[in-house]
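Here is a short report on one protein chain. Keep the 3D view open as you read.

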Amino acid sequence: MLKIGLTGGIASGKSLVASRLRELGALLIDADVIARQVVEPGTPGLEQVVEAFGPGILDHDGRLDRPKLGSIVFREPARREVLNGIVHPLVRKSAAAIMDGAGAGDIVVQDIPLLVETGQGSNFHLVLVVDAPDELRVQRMVELRGMTAEDARSRMAAQASAAERRSAADVVLDNSGSREDLLAAVDALWETRLVPFAENIKNGARAPRAKGPVIVAPNGEWPRQAERLAARILMTAPDAVLSVDHIGSTSVPGLAAKDVIDLQLAVADLETADRISPLLGAAGFPAVQHVHEDTPKPTHPAPESWQKRFHANADPGRAVNLHVRVAGSPGWYFALLFRDWLRAEPAALTAYEAHKRGLAALHAGDPDTAAYADAKEPWFSEVAWPQMGEWAERTGWTPPSYSSSAVRKRGQ
């Protein structure tokens, strides 16, 4: 199934997006609805809330007086954390039970107001954030919900900032315009990204790539995108994955590149790589069966030294190459050294970018990027490899340990 996390600040329009996704065919799991259910009269959840906040937060019917409780927790962060500690585990347990009933190919949307605050983004294939300017949200709360401007801003202050939500987002849906504009954006996202993504996961297929190599200007969002992707990949098999590192051209600040995030997943051996392959496929990174090795370099000519496994994105909205290599292998070493050499040596960056642009122009009309990739290999062996080795010896460079990798196994 395709798992989508939907979030947004109060009065951003998240509920409208959730409703539209459900109309389009998504299985919607609404955390707000569940949060109400787990504190209904007679539930263990309500008993715990009363124990923590006292019987004064009940109305005359014995139900939770939400406005009274809200006036407490939105002004007292410590008390809010107490409430969250009671309700959030119950909501997650109930949501997991609903998700267990979903089938292959389903698109499951979890509507979670505090997704960013609770750090749940890596549990999903994609995080959708609905956003609107702060003053517009205040205006909506005052006009449509009867709140004072002070209370509205207090509610907003208790949530993640717009910048924090955008940093966690794979897709931002702007709701500063009309209702029709927002619904049209949701419909387009459903048709062009979510439905194909779900089908690709179901069928174990990678998403189509653009024809021929296209070099684009450096994008400051690449590192953040790589970090989010790496965190999700680690979640697939935390006991087997040693580290996930951002490598390749998009990992080098200032370097023009194809708009493809390259990640390197380090494992103890190729048997582990094969064992976790189905898990990576379910996470949105199916195996590319015909790719099993890197091109050997002069100092390590034996092909068996360069064995790897290769996965790619099922998401049509974000191209990803996932190289699964044995930690300590020549291919693993080369990828990290090449990245750090380009980061440290401006002349090397300039030379590599010029080389790429020249080859991209020659292969612009190709049906794919395979010939372009092959054409780069002599430069790696004849130019980059010797210079990288000299730089590593001169500077004392060593590969980063697993504990200093971009994303690492917990506890290391």
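The report covers a strand, a lysine and a pair of helices, all taken from a predicted model.

## Strand β3

Start with strand β3, residues 107–111. Five of its five residues are buried, so β3 is largely enclosed by the rest of the structure. In a regular strand the side chains alternate between the two faces of the sheet. Both faces of β3 are covered. Ile 107, Val 109 and Asp 111 are buried on one side. Val 108 and Gln 110 are buried on the other.

Two strands pair with β3. Strand β1, residues 2–8, runs parallel to β3 and is joined to it by five bridges. There, Leu 6 stands opposite Asp 111. Strand β2, residues 27–30, is also parallel to β3, with four bridges. Here Ile 29 has Gln 110 as its bridge partner.

## Lys 14

Now find Lys 14 in helix α1, which spans residues 14–24. Is Lys 14 buried or exposed? Its relative accessibility is 7%, and the cut-off for buried is under 20%, so Lys 14 counts as buried.

Leaving out residues up to four places away in sequence, Lys 14 touches Leu 6, Thr 7, Gly 8, Asp 111, Pro 113 and Val 130.

## Helices α3 and α5

Helix α3 (residues 44–53) packs against helix α5 (residues 77–99). Their axes lie 10 Å apart, at an angle of about 170°. Angles over 145 degrees count as roughly antiparallel, so α3 and α5 are roughly antiparallel to each other.

From α3, Gly 45, Gln 48, Val 49, Ala 52 and Phe 53 take part in the contact. They meet Arg 79, Val 82, Leu 83, Ile 86 and Leu 90 in α5. Seven of the contact residues are nonpolar, two are polar and one is charged.

Key: Residues numbered from 1 in each chain as written. Predicted model: local features only at pLDDT ≥ 70, side-chain atom pairs only at ≥ 80, totals over all residues. Heavy atoms only, no water. Buried < 20%, exposed > 50% of the residue type's maximum accessible area, 1.4 Å probe, protein only. Pairing = 2+ DSSP bridges. Contact = heavy atoms within 4.5 Å. Axes fitted to C-alpha atoms, helices over the stretch in contact; angles between N-to-C directions. Parallel < 35°, antiparallel > 145°, perpendicular 65-115°, else oblique. Nonpolar A, V, L, I, M, F, W, Y, C, P; charged D, E, K, R; others polar.
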